[in-house]
Each structure stands twice: as C-alpha cells, then as structure tokens.
Amino acid sequence: CALWLLWEVARAHGLLRGVLPVVPWRPKLLFNVYARAGATTRRGNLLDRVSRRMVKMEAAGGPHRAFGAVIGTCPFAHIGGAGLAKAALAGQPVKAPLYHAFKAFAGEGIFTAEGKDWADKRGEVLGAFAAVGLEPLAAAAMRSARGLTDDLDRCFSRESSPGGAGATNAATSAALVVEMLPRFQRATLRSTFEFLTGVTIEEAVSSTLAHGGANGAHHAPAPVSVPIDEAPKGGVGFTTAAEAAVAAWEDEYLKAATALRHLIPARARSIWMASDWLYGLSPVGRLEARSITAARRLPLLALRAARPGSPLAILAKGAAHGGCSGHGGIARGLWEVCKRTLGGGSGGNGTPSKGLLDEAVTLLFAGHDTQSATLSWAILRLAGDRAAQDILRASLLADPIATADLGVGGGDIVHNNAPRGEQQQQQQQQQQPAWRTSAGAPTLEAVLRETLRLHPVAPLIVRRLTSDAVSVDDTGSGGRTVVL
C-alpha cells in the first residue's frame, strides 16, 4: 500500500513536471478550520494565497499565471490566466472526484450532477423558474427586505430611546454597530423559501404545528430559549409561540448551513478526501454529519408545503427529478417524499424522488447563500465610498414609483427638464419601480456588477480534465505552448 501511494504521488508529479512550476502541498487535518476561516491575517485566506503565488510564478517567468501542486495523489493545476483557463473548460472537464465531498449534502442536484444528467436537471430548473416568472421572487424579496428594515428600525429605536444603550453610551459610541450578515442570511433564506414553495416559512411552520403528529412537531427543531420581547441573534423579534417556532427552524438551518459552508470545501483540499470511513470517525466528520441532517430538514418542510404552480411543484413533474407516479398527482408525490424521508413509513401510492429532495437542498442553500454574501460585500463596499452611496441613493429617489414602494419620501415626483405633460405620461406608463429591471436602474446594476467583479460568488472553479488543454501564449518571445 505504501509503495502504491509513493508511485501515485511520483506519477502525479511527473504529469506536472516540465509543464508548470510545482509547489509543495501541506496536508490539513481541518481541526482548526474555523480558526483559519475567521483568520484576519492574509495567510489565512486561501484565495489570497493562491493569487500571490500566481504573481510570484509570473514574475519568475512561469506561463499563464499558473502553478501546479500534488494534493494527496491528485495533480492540481491552479490556473489564473484567461487563455489557459478557457482552454481547460472547453475540453469537457468533469466534477468527479473533486465534488465528491459535496454529495453527502447536496446529493445529485445540479451542483454535483454531470453530463446529460446535469443538462436535463438544469433545463428543468430553468424551465420551472421561467414558468413562475420573476414577479413572485421580487414580491418575496420586498417582503423580506421590509422585515429587515423594520428590524433595523427597532435596533435604532432601542439605541436612541431614553433608557436604551444609546443614552448611556452616547459619550463613548459614535455609531450603532449592527451585525448585518446574519440578518441578510435570514432575509434571503425567507425570500428564497417563499419563491421556491409559493408560501412563507411562517405559513409552512404554522401548517406543521397545526398537523402535529409524527410528521410535524416530532421533527421540528427544539424551541429557542429567548425571552419573548428580545430579538434573537438573527435579528428577528417574535412575540408568539408560532414566531418562536419559525425562528427555531431558521436558526437550526442557518447554523448547519454555515458549518457546512466551511467544512465541505475545506475537506476537498484535505487528507480526508482519501477515505469517507475515516473521515466519518473524525470530529469534523461527525460535525458534518450532524450539520447535514439538520440542514436537510428545512428543504423537506419546503417540499411538504409547496403549492401547485410553485417551482418545486413544477420540478416534481420533471423526468430528471424523478417525477410523480401513482395516484394523487403532484401533492401526493411531494407528500410521499417527505413522509418516507422523515420516517413516516413506506405506504401510499406515490413514488418518492430523491432527486427532487436533492434539488430542493441545492436550490435553498445556493439561493440564500449567494444572495446574502453578495449583499454583505455590497454594503461593505458602499460603507467605504460615500460618493457611491450618494449617487446610488439619488438614482433611486429619482424614481417616484420606487420611492413609494420603498416608503421613502412619500413617492413624490422628482421633476426633470421634460415638459409636464411628458412627465405625467411617463408616470402613468410606469407600473413598477425602475429598479425591478436592470435596464431601468443602471446605477444599481453597476453597483451589483462591480460587487460581483470584486467578490465573485464562485471565485474558484474546480474540474478534472478528461483531455489535454492546449493554450498558446503569443505575448512572449517566439510564443509558448502549455499542454495540461
């Protein structure tokens, strides 16, 4: 076994030798994954370390801003140059085995699917979204945004009240510090859930509480022990048992999803990729298993609560996601998926679809995680650029429908140089705020695009080449050819 490992490592080095500069790989046990994830030093940032390594390689004459490393027994090429990266992706690369670490959580959804299976599932997901349209997503996002701003208003009110913290700390504190990422996560989770199911999390949880029994309260998260009049960490206050139950579902999911966001990508670059069995026995493996169980409960609730015509209900009819057979149609199929997965027995006429559950897990996680990350980066960048803040605010206030929709300024018309009759005609024609579409809000679109340029949702793409990728660099003397 040891000789075989040495042979595989030597073979991997041989594949890279003479093609790219090779740097050593340091094995990671992941016991300090959270410390590294929260590190404030540049050394703790994987993307920054890779970028700085590419700069060094380029300065030393390395081609295409790229370098190689053997991780375990697998040869990796870290590519930063656009030409070579395009050539690599054009060669029909595959996700396996590098995405193997994600399958325990996401199953066979579009994130991990390959080839024709991926194409079919992607087509059904896009078709479901097209059938529903963007208006339900916009309405859900507006409701979540209003809940978020109401929560912030409560924070400001408590801070500025006579007995609030602002009264006692006014001399030492110039501003109220509000942790925004957990609030963005909760708000985007709610809007994503509502778009996918056609119901709010509150309605889904209330229905679960009303039914109770083995498929209801028995599988609900434990109630949160927070005073009724106090806002929990996520920033959403509650005054009733139903609101406390909603917070329990959300808190359980967000805590588990945050843990998985650190653990799964880190495992893909660690020695634990060598054995699922050994990883399952490790402390981080057991933590991942518990987090996966917790993070898949809310998608099950979404399947159970999905209304006919919602994206999840449309996907339930798709062949790539298992479809529904037997009597009872979509509702019966969705119910059977939840009942069998939650342990409600195997009876019934519906056929459960693991593909549908995996897709619900994928869409709910990807929907809330990417939105909250992008919003957090956008707010951080805007906070450091007052000029950009003023320009963006002015562009939104120039739209009377937008000001009315946002509750800012009472929706008064901001006059321009156009004749009054033309202004009135424009107001009558405009049924929605201009920022509902990118073409109608170029400043907001520019802010979001610049945020995604500086902080892309997926800064790294990992694939395994199935054929050579050839790129020719004509900028150097005589040109250079790199074959991976």
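Among contacts in the protein between residues at least 6 apart in sequence, what percentage join residues at least 24 apart? The figure is 68%, where contact means heavy atoms within 4.5 Å. The model is predicted: local features need pLDDT of at least 70 and side-chain atom pairs count only at pLDDT 80 or more, while totals for chains, interfaces and linings use all residues. Residues are numbered from 1 along each chain as its sequence is written, and side-chain values use heavy atoms, with hydrogens and water left out.

The protein has 484 residues, and 38% of them count as buried. Buried means under 20% relative accessible area, exposed means over 50%, and partly exposed lies in between (1.4 Å probe, protein chains only). The secondary structure comprises 21 helices and four strands. These are DSSP runs numbered from the N terminus: helices are H or I with at least four residues, strands E with at least two.

Helix α17 (residues 354-383) packs against helix α11 (residues 241-267). The angle is about 80°, and the axes are 12 Å apart. Axes are lines fitted to C-alpha atoms, for helices over the stretch in contact, and angles run from 0 to 180 degrees between N-to-C directions. α11 and α17 are therefore roughly perpendicular to each other. Angles of 65 to 115 degrees fall in that class; those under 35 count as roughly parallel, over 145 as roughly antiparallel, and the rest as oblique. From α11, the residues Y253, L254, A257 and R261 take part. They meet L364, F365, H368, D369 and A373 of α17. By class, this contact has six nonpolar, one polar and two charged residues. Ala, Val, Leu, Ile, Met, Phe, Trp, Tyr, Cys and Pro count as nonpolar, Asp, Glu, Lys and Arg as charged, and the others, Gly among them, as polar.

α17 also packs against helix α21 (residues 442-454), at an angle of about 105° and with axes 9 Å apart. That makes α17 roughly perpendicular to α21. On α17 the contact is made by T374, W377, A378, R381 and L382. On α21 it is made by V447, T451, L452 and L454. The class counts are six nonpolar, two polar and one charged.

Five aromatic pairs are present in the structure. Rings of Phe, Tyr and Trp (its six-membered ring) pair if their centres lie within 6.5 Å; planes under 30 degrees apart count as stacked, over 60 as edge-to-face and the rest as tilted. The ring centres of Y99 and F102 are 5.4 Å apart with planes at 45°, so this pair is tilted. Both Y99 and F102 are buried. The rings of F105 and F365 have centres 5.5 Å apart and planes at 80°, so this pair is edge-to-face. The pair links distant parts of the chain, 260 residues apart: F105 lies in helix α5 (residues 100-106) and F365 in α17. F105 is buried at 6% relative accessibility, and F365 is buried at 17%. Ring pairs also join Y99, F102 and F111 into a cluster.

Helix α1 (residues 2-16) contains A12. A12 is buried, at 0% relative accessibility. Leaving aside neighbours within four places in sequence, A12 contacts V70, T73, C74 and P75. The C-alpha atoms of A12 and P75 are separated by 5.0 Å, with the two residues 63 apart along the chain.
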